[in-house]
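Biologist: I'd like to learn how to read contacts and charged pairs in a model. Can you walk me through it?

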Amino acid sequence: MTNITHRHRLPLGNPALPSHGREHNLSLVLQRLHAGGPMSRADLSRALGLTRVTVSDLVAELIERTHVVELGQSEAIRPGKRATLVDVNRSGLQILGLDLAEDSILRAAVLDLDGNILARTEHSLQQETGDAVTSIVLEMARQAITLATAPLLGIGVGTPGVVNTEGMVLTAPNLGWVDVPLRALLESATGLPTLVSNDADAAVHADYTFGEGCADMILVKVGRGVGSGLIVDGQRVRGVHSAAGEIGHVSVGTDGGEICGCGRTGCLETWLSVPSLNQSLKTAATAPDPETAAADVLHTAGERLAIALAPVVGALDLADVVLCGPTDLLNGPLLESTQRTLRERLLPQQPPALTVRLASAPEDIVLLGTAVLVLWNRLGVA
């Protein structure tokens, strides 16, 4: 698991209180244990540069919160009394993740603190939008809670659309949502602390934390819609309107195109979303040369994606472009076209600094990302 250095910032104009420093130290203990495994209090003291008394006090509070447990004595042979090992409560706490990103399926899963999926459920969507989808999500969350075998630390949600810091989905055209207070609704329905994030933001957290991601990257999530998550200098970028990475409704050409769900013409989603790709491939199957026509569809989609990405990659000098979605659609002509068009449109670097790749385990990446969100919010762990 990749360790991430987070910069703790206090609100401008607010004084630094002793409690802020204590929460920071509690977070450091949890981060060290989560990344490194069981340790003694003495080893934690040396690793964190804190006194043994301070570490013992911090561990005692974390045990009281049930975030840390004692595991028994160390087997290491050392002079004196054997040390007692402590660790994050890996088997005693779980997380509920909701993935609302796919074209026709809503997913929920119970995960442990290491990101392992312990149980899962899903619900198929037909043509539901708006309040009907909201009702389905709330009921799916209630049902998924019954799959947990330990207390739940919280709920993480990855959803299409623009999500503000209060967990309200400001707009998600493909779900028919406008100003849906999803966090408040889920907390009211379940009684559990809830974090709501854009699905691509959740996915980029997962790739960065559990996958191959780096400190300067963009992950493009292709599903019911198209969005992206950005990490720059190790920090997720939100933007002034909480809409950083919303490239799905960027116009990618002056040659018209299909009418998008947002009402405009020529949006990237009309070439790259899963429903759009499937419809275009269905049409290609009736062409005189179906194989060539299908390759052209995927080539064009990759080219349009690169047109949208090139200014972002160039302006931010990113090192990694990750495509996340159905492998049968993204791998092959679409990925190759994206790579080629990006390199044609960017300043050449020697050696080439940009990697364009597919995400690993794309079917679960949003669920993993929701676990990262809950770990960071509830335990200060990433």
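Biologist: Leaving aside neighbours within four places in sequence, which residues is T134 in contact with?

Modeller: Keep in mind that this is a predicted model. Once neighbours within four places in sequence are set aside, T134 touches W177, V180 and L185. T134 itself sits in helix 4, residues 131–145.

Biologist: Is T134 buried or exposed?

Modeller: Buried means under 20% relative accessible area. T134 comes in at 9%, so it counts as buried.

Biologist: Now the charged pairs. What's the general idea?

Modeller: Side chains of opposite charge can pair when their charged atoms come close. Here the structure holds 15 salt bridges. Take R41 and E70: their closest N and O atoms are 2.7 Å apart. R41 belongs to helix 2 and E70 to strand 2 (residues 68–73), so this bridge ties together parts 29 residues apart in sequence.

Biologist: How accessible is E70?

Modeller: E70 is partly exposed, at 47% relative accessibility.

Biologist: Which residue does R357 form a salt bridge with?

Modeller: With D207, again with 2.7 Å between the closest N and O atoms. R357 is in strand 16 (residues 355–358) and D207 in helix 6 (residues 199–210), so the pair ties together parts that are 150 residues apart in sequence. Both R357 and D207 are buried.

Biologist: And which residues do salt bridges that share partners join into one network?

Modeller: That network takes in R22, E23, D57, E61 and R65.

Terms used:
Residues numbered from 1 in each chain as written. Predicted model: local features only at pLDDT ≥ 70, side-chain atom pairs only at ≥ 80, totals over all residues. Heavy atoms only, no water. Helix = DSSP H or I, 4+ residues; strand = E, 2+ residues; numbered from the N terminus. Buried < 20%, exposed > 50% of the residue type's maximum accessible area, 1.4 Å probe, protein only. Contact = heavy atoms within 4.5 Å. Salt bridge = Lys/Arg side-chain N within 4 Å of Asp/Glu carboxyl O.
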